[in-house]
Amino acid sequence: MTQHDRLLIIDFGSQVTQLIARRLRELNVYCEIHPYNKVDDAFLKSFAPKAVILSGGPDSVTRAGSPRAPEALWSFGVPVLGICYGQQTMMQQLGGLVENGHGTAEFGRAFVTPTTDKLSILDGWFADGREQVWMSHGDHVSKIAPGFLVYGTSPNAPFAVTADPARHFYAVQFHPEVHHTPKGAKLYENFVKLAGFTGDWTMGLYREQAIAAIRAQVGDKKVICALSGGVDSSVTAILIHEAIGDQLTCVFVDHGLLRLGEAEQVVAMFRDNYNLNLIHADESELFLGKLDGVSDPETKRKIIGGLFIDVFQKYANGIEGAEFLAQGTLYPDVIESVSFSGGPSVTIKSHHNVGGLPEKMGLKLVEPLRELFKDEVRALGRELGLPASFIGRHPFPGPGLAIRCPGEITVEKLDILRQADAVYIDQIRKHGLYDEIWQAFAAILPMKTVGVMGDGRTYDYALALRAVTSVDGMTADTYPFTHDFLGETMTRIINEVKGVNRVFYDITSKPPGTIELE
């Protein structure tokens, strides 16, 4: 979408660079993240940003060969904001000095106090004389570059806020993008305002442009889409259907691991409300047969992912003239595929998607959501008229209940899990808590326990309930249900779901745990 005013974020490897982009998108500013080693003078000229932000990073500018911003940036004539490492490389490159810690490192909450000089990007700050910020730095600026003044200090960062307003260069040692800097969003708002952004990045305009782009790419050819029933694939399908109508066929692979009534709900919504060409591929017997006796969670994921590709290809081969495959790729996926270091990362768990299908089937990709974050996908879904109850649904993993059933999967355990999960979610909705929670679900544990019901001995399954709050799924905290709620929910599950006699509530945060139980 090149006609928007664009802001460039140069990534030096911070764990929270994506949060910078999200804060800007919330201000209706279009931005892109690009790794520092891909941004040279030629790239800067071709991208033509209206402003540039330099992210934080783990390296030290005192190390020979450490990352730098392109030299052309300093004469490019647009506002630049440096954050943490971004501040330090700005100072170093423009004639200042950065030194190693020596007792001036700061990690965590700190407080910045203003100097007597006023700075436009700090408008709205310091109403109480100081502002809480989040610091994470070992090195520190010991000498600011010529032309810069100090506008804010903290106990261990005497140059916490510096700027050369004449050249529109601004630099902060803290991280305004994280929630622990309460007025960080205001700082970004001030920065984009002084850079002249008009807030032209809206989902209404994106919808129009995406539809035009899909029509231009696809022409009169056919597209197939793997529809999971999740928000990403559903918004992808509805957007493409609005663009090309009956040229789209969706394949909904029912692997027998969905929640209670979910397959029927997905089919009804898309066939009845949107009149889509939809193939309901009920392959539950195939999937459950291949999973019989399998306990290892990673093996389960690989079996499900491999079968999904085989089943999808089987049905797609029956669609004559299909040349394109639609995928719900999001912007975080794009960012992670071009990480600043290009280095390997630890595999925590495999992700279930349609990876490998385009090459295997000789199809070209249509990815209309690849510029969007998850919250923007939900906004686009609302723009497209998807029901609010559907848009706001909690995330559900591609492998479904397979990873909420640790140990061996059986039909009996899946039936118990579906019923218990339905009761749990009904309780959450009944108490008006659903929208406060990022994700909630029940899991059936690979154990049976002795219980007493009706003066008789029982030997039934134990369940774990999970509910977390999160901003982006990268970290999560346990939702603080009251004991009354948990007691009421336990009673309902044990009374209404045969085969359960014990209920636990999982209070593990992420990290150290993951959101899902496996």
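**Helix H4 and its surroundings**

I looked up what the buried residues of helix H4 pack against, and found strand E1 (6-11), helix H1 (17-26), strand E3 (51-54), strand E4 (80-83) and strand E11 (169-172), with contact taken as heavy atoms within 4.5 Å. I take helices (H or I, at least four residues) and strands (E, at least two) as DSSP runs, numbered from the N terminus. In H4, which spans residues 184-194, the buried residues are Gly-184, Leu-187, Tyr-188, Asn-190, Phe-191 and Val-192; buried means under 20% relative accessible area, exposed over 50% and partly exposed in between, with a 1.4 Å probe and protein chains only. After H4 comes Gly-196, for which I noted a positive phi, near 90 degrees.

I note that this is a predicted model, in which local features need pLDDT of at least 70 and side-chain atom pairs count only at pLDDT 80 or more, while totals for chains, interfaces and linings use all residues. Residues are numbered from 1 along each chain as its sequence is written, and side-chain values use heavy atoms, with hydrogens and water left out.

**Gly-96**

I then turned to Gly-96, which sits in the loop between helix H3 (85-93) and strand E5 (97-99), and which is buried, its relative accessible area being 13%. Setting aside neighbours within four places in sequence, I found Gly-96 in contact with Met-91, Lys-143, Ile-144 and Ala-145. From Gly-96 to Thr-410 I read 65 Å, C-alpha to C-alpha, for a separation of 314 residues in sequence.

**H5 against H12**

Helix H5 (residues 203-218) packs on helix H12 (residues 374-383) at about 80 degrees, with the axes 9 Å apart; axes are lines fitted to C-alpha atoms, for helices over the stretch in contact, and angles run from 0 to 180 degrees between N-to-C directions. H5 and H12 are therefore roughly perpendicular to each other, the class for 65 to 115 degrees, whereas angles under 35 count as roughly parallel, over 145 as roughly antiparallel and the rest as oblique. I listed Met-203, Gly-204, Tyr-206 and Arg-207 on the H5 side, meeting Glu-376, Ala-379, Leu-380 and Glu-383 of H12.

**The whole chain**

I recorded 15 helices and 20 strands in the protein, and a box of roughly 80 × 65 × 40 Å along the principal axes for its C-alpha atoms. Of the 518 residues, 54% count as buried. For contacts with a separation of 6 or more, I noted that 77% come from residues 24 or more positions apart.
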